[in-house]
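Please look at the sequence and the model below. The text after them goes through a few parts in turn.

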Amino acid sequence: MKPDHRIFVGVVSPINPRIDSAEEVRDRVIEAAKYIPVEQLGTTDDCGFAPFSDDTSTSRDTAFAKIKARVEGTAMAADLIAGG
């Protein structure tokens, strides 16, 4: 990892139908921050929500709920890291 690199860590699983909580995402981000400098850390899903046009394994509502959890959990982690 070079100083100008940003490392994105998958914090939600598109394949698992269970919707991750924002708290679970927060904890994953905090864990990743132990190994990756926070100024270089980014979050994403594990592998994408629609790798093929015929993939219907994840509904639109589930995908958006998972994205919402990622955004909220990442913000929660950022607040904790900034304050800690």
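Which residues make up the largest nonpolar core? In this predicted model, the largest nonpolar core has 9 residues in all: Val-11, Val-12, Val-25, Val-29, Ala-32, Ile-36, Leu-41, Ala-69 and Ala-77. At least two residues of this core come from each of strand 1 (7-12), helix 1 and helix 2. Helix 1 gives the most, with 3 residues.

Now turn to the two helices. Helix 1 covers residues 22-33 and helix 2 covers residues 60-83. Their axes are 7 Å apart, and the helices pack at an angle of about 50°. Angles under 35 degrees count as roughly parallel and those from 65 to 115 as roughly perpendicular, and helix 1 and helix 2 are therefore oblique to each other. Their crossing is right-handed.

The contact between them can be followed residue by residue. On the side of helix 1 are Ala-22, Glu-23, Val-25, Arg-26, Val-29, Ile-30 and Ala-33. They meet Ala-69, Arg-70, Glu-72, Gly-73, Thr-74, Met-76, Ala-77, Leu-80 and Ile-81 in helix 2. Sorted by class, this contact has 10 nonpolar, 2 polar and 4 charged residues. Ala-69, one of the core residues, touches Asp-20, Ser-21, Ala-22 and Val-25, leaving aside residues up to four places away in sequence.

The last stop is a loop. Pro-37 lies in the loop between helix 1 and strand 2 (41-45). Is Pro-37 buried, partly exposed or exposed? Its relative accessibility is 29%, so Pro-37 counts as partly exposed. Pro-37 and Pro-3 are 34 residues apart in sequence, and their C-alpha atoms are 9.6 Å apart in space.

Conventions: Residues are numbered from 1 along each chain as its sequence is written. This is a predicted model: local features need pLDDT of at least 70, side-chain atom pairs count only at pLDDT 80 or more; totals for chains, interfaces and linings use all residues. Side-chain values use heavy atoms; hydrogens and water are left out. Axes are lines fitted to C-alpha atoms, for helices over the stretch in contact, and angles run from 0 to 180 degrees between N-to-C directions. Helices (H or I, at least four residues) and strands (E, at least two) are DSSP runs, numbered from the N terminus. Angles under 35 degrees count as roughly parallel, over 145 as roughly antiparallel, 65 to 115 as roughly perpendicular and the rest as oblique. A crossing is left-handed if the near helix is turned anticlockwise from the far one by less than a right angle, and right-handed if clockwise. Contact means heavy atoms within 4.5 Å. Ala, Val, Leu, Ile, Met, Phe, Trp, Tyr, Cys and Pro count as nonpolar, Asp, Glu, Lys and Arg as charged, and the others, Gly among them, as polar. A nonpolar core is a set of buried Ala, Val, Leu, Ile, Met, Phe, Trp, Tyr and Cys residues joined through side-chain atoms within 4.5 Å. Buried means under 20% relative accessible area, exposed over 50%, partly exposed in between (1.4 Å probe, protein chains only).
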